[in-house]
Amino acid sequence: MKTPICDFVRRYAESDSLRLHMPGHKGASLLGIEQLDITEICGADSLYEASGIIRESEENASRLFGADTFYSTEGSSLCIRAMLYLATKKALAEGKRPLIAASRNVHKVFIYAAAMLDIDIKWLYPKSAESYISSGISVSSLEEYFADAKEKPTAVYLTSPDYLGNTADIAAISAVCKREGVLLLVDNAHGAYLKFLPESRHPIDLGADICCDSAHKTLPALTGAAYLHISRFAPSFFRENAKDALALFGSTSPSYLILQSLDAVNKYIAEVYKERLASFVRFALTCREKLEAHGFTFCGDEPLKMTIHAKKYGYLGTEFADILRSKNIECEFSDPDFAVLMLTPETGSEGLKILTDALLSIPRKAEIEEGSPVLGMAERAISIREALFSESEKVPVEKSLGRVSASANVSCPPAVPIVVCGERIDETVLKCFEYYGIDEINVVK
């Protein structure tokens, strides 16, 4: 497969042209990559008006993913905003107020985008969940929602895979959405690679209308590389307006280093990735089974995420992360319950062996039986938009009972809000704040 963006930039770098254009480094080396860092010069195309090399590269990606695929150099965050804008625009074109039925474990970008676009959200709560991070929805809970709903939503919105590696039954959820005549949007930021398993588990192949992937999370792309995918079975309205949606929220200076990365990943996927992925997944499963036989417990069904249920082995997840860090192994994320390890074929069999040996060297202790606190169903006091734009103040969490949350109040990772803007803080929220070490919160003044 050709790499038109990479080829153009390389030729330009080798031409030794006098660069009287941005960026200001002019190709001079401080980091060693400046020669390949350009902007929209003649022939370089323009991301949101692509008609040349970028369009050719996106068409290559579209063939690989079996969708209409568009690049983002600002991660899935940009794509989430674009997805919600497209859903909003479609609803308004039909004379309806935008309403999204969403699983509770959304990324905070979803919250902020909903505020900007003035979208009404109906939260879908799970019957049970291992953590507020994994509070996705089941087919049965979605069917119950539709049976009781007085108003059909514009779309159902899922996060799958979630941060702990749980994946939703997207095919079955898609069937419910199609029966009800509503869109299915999926935050697949952690699952770009799912397309290239021996049997695809990618949301687009399972019936989603629109989804986003962070290429940099599970494919060998630079940080910020992402895709917006539009199903070829979705209304043409979405693909026709996708670029405008991305441009509305995106920088007018997209990174050509990231664009080259996405371009190069196309070639890698087309030539060798599927075989490497299949081989690595088999080895990862073998290692996981070996660890399970030793007493480790894992959660989630995503093959490239090894999420250790640390308390069942006698440790806090944060303790596991510290132990592994002392062995020169860095986790993706940890909290009191879990240590999340993200794998890719680039980890390699040797890297996976190092991890397995390190885990096996940790002595097992008595199980910690204390579970994580359970959140109740939140009371909405004011809208997300009203809360986010209200005057606010930061207060100690112990003084926040009964107050209304004014921001997402959560870092990334995991970037999943415990309490959403506009919701009233109750005792269950306070217990969660204490459990996860949150000391202050922004509340409406």
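## Salt bridges and their surroundings

Lysine 195 is buried, its relative accessibility being 17%. This report concerns a predicted model. The side chain of lysine 195 forms a salt bridge with aspartate 205, and the closest N and O atoms of the two residues are 2.9 Å apart. The two partners come from distant parts of the chain, ten residues apart: lysine 195 belongs to the loop between strand 5 (183–187) and helix 7, whereas aspartate 205 belongs to helix 7 (residues 203–206). Aspartate 205 is partly exposed, with a relative accessible area of 38%.

The structure holds 24 salt bridges. Three of them, including the pair just described, are set out below.

| Salt bridge | Closest N and O atoms |
|---|---|
| Aspartate 205 and lysine 195 | 2.9 Å |
| Arginine 179 and glutamate 143 | 3.7 Å |
| Glutamate 292 and arginine 288 | 4.0 Å |

The pair formed by glutamate 292 and arginine 288 lies within helix 10 (residues 256–293); because the two residues are four positions apart in that helix, about one helical turn separates them. Glutamate 292 is partly exposed at 39% relative accessibility, while arginine 288 is buried at 15%.

## Helices 5 and 6

Arginine 179 and glutamate 143 form a salt bridge in which the closest N and O atoms are 3.7 Å apart. This pair also links distant parts of the chain, since arginine 179 is in helix 6 and glutamate 143 is in helix 5, 36 residues apart. Arginine 179 is exposed, with a relative accessible area of 52%, and glutamate 143 is partly exposed, with a value of 34%. Both residues belong to a network of salt bridges that links Glu143, Lys152, Arg179 and Glu180.

## Helices 3 and 4

Two packed helices are described by the angle between their axes and the distance between the axes. Helix 3 (residues 75–93) and helix 4 (residues 108–117) pack with their axes 9 Å apart, at an angle of about 40 degrees. Helix 3 is therefore oblique to helix 4. The crossing of helix 3 and helix 4 is right-handed.

## Cis peptide bonds

Which residues are joined by a cis peptide bond with omega of about 0 degrees? Proline 23 lies in the loop between helix 1 and helix 2. Another joins serine 160 and proline 161, again with omega of about 0 degrees. Proline 161 is placed in the loop between strand 4 (155–159) and helix 6, and serine 160 is found in the loop between strand 4 and helix 6 as well.

Serine 160 counts as buried, with 2% relative accessibility. The C-alpha atoms of serine 160 and serine 103 are 9.9 Å apart in space, although 57 residues separate the two in sequence.

## Positive phi angles

Aspartate 16 has phi near 60 degrees, a positive value in a residue other than glycine. Aspartate 16 lies in the loop between helix 1 and helix 2. Is aspartate 16 buried or exposed? At 67% relative accessibility, aspartate 16 counts as exposed.

Alanine 415, likewise a residue other than glycine, has a positive phi near 65 degrees. Alanine 415 is found in the loop between strand 13 (392–396) and strand 14 (423–424). Its relative accessible area is 0%, so alanine 415 is buried.

## A nonpolar surface patch

Leu30, Leu31 and Ile33 make a nonpolar surface patch of about 380 Å². Leucine 31 lies in the loop between helix 1 (4–15) and helix 2 (53–65). Residues with over 50% relative accessible area count as exposed, and leucine 31, at 72% relative accessibility, is therefore exposed. The loop between helix 1 and helix 2 also holds aspartate 16 and proline 23.

Note on methods:
Residues are numbered from 1 along each chain as its sequence is written. This is a predicted model: local features need pLDDT of at least 70, side-chain atom pairs count only at pLDDT 80 or more; totals for chains, interfaces and linings use all residues. Side-chain values use heavy atoms; hydrogens and water are left out. Patches are made of residues with over 30% relative accessible area and no salt bridge: like charges are joined within 9 Å, nonpolar side chains (Val, Leu, Ile, Met, Phe, Trp, Tyr) within 5 Å. Accessible areas come from the Shrake-Rupley method with a 1.4 Å probe; for residues, only the protein chains shown count as cover. Buried means under 20% relative accessible area, exposed over 50%, partly exposed in between (1.4 Å probe, protein chains only). Axes are lines fitted to C-alpha atoms, for helices over the stretch in contact, and angles run from 0 to 180 degrees between N-to-C directions. Angles under 35 degrees count as roughly parallel, over 145 as roughly antiparallel, 65 to 115 as roughly perpendicular and the rest as oblique. A crossing is left-handed if the near helix is turned anticlockwise from the far one by less than a right angle, and right-handed if clockwise.
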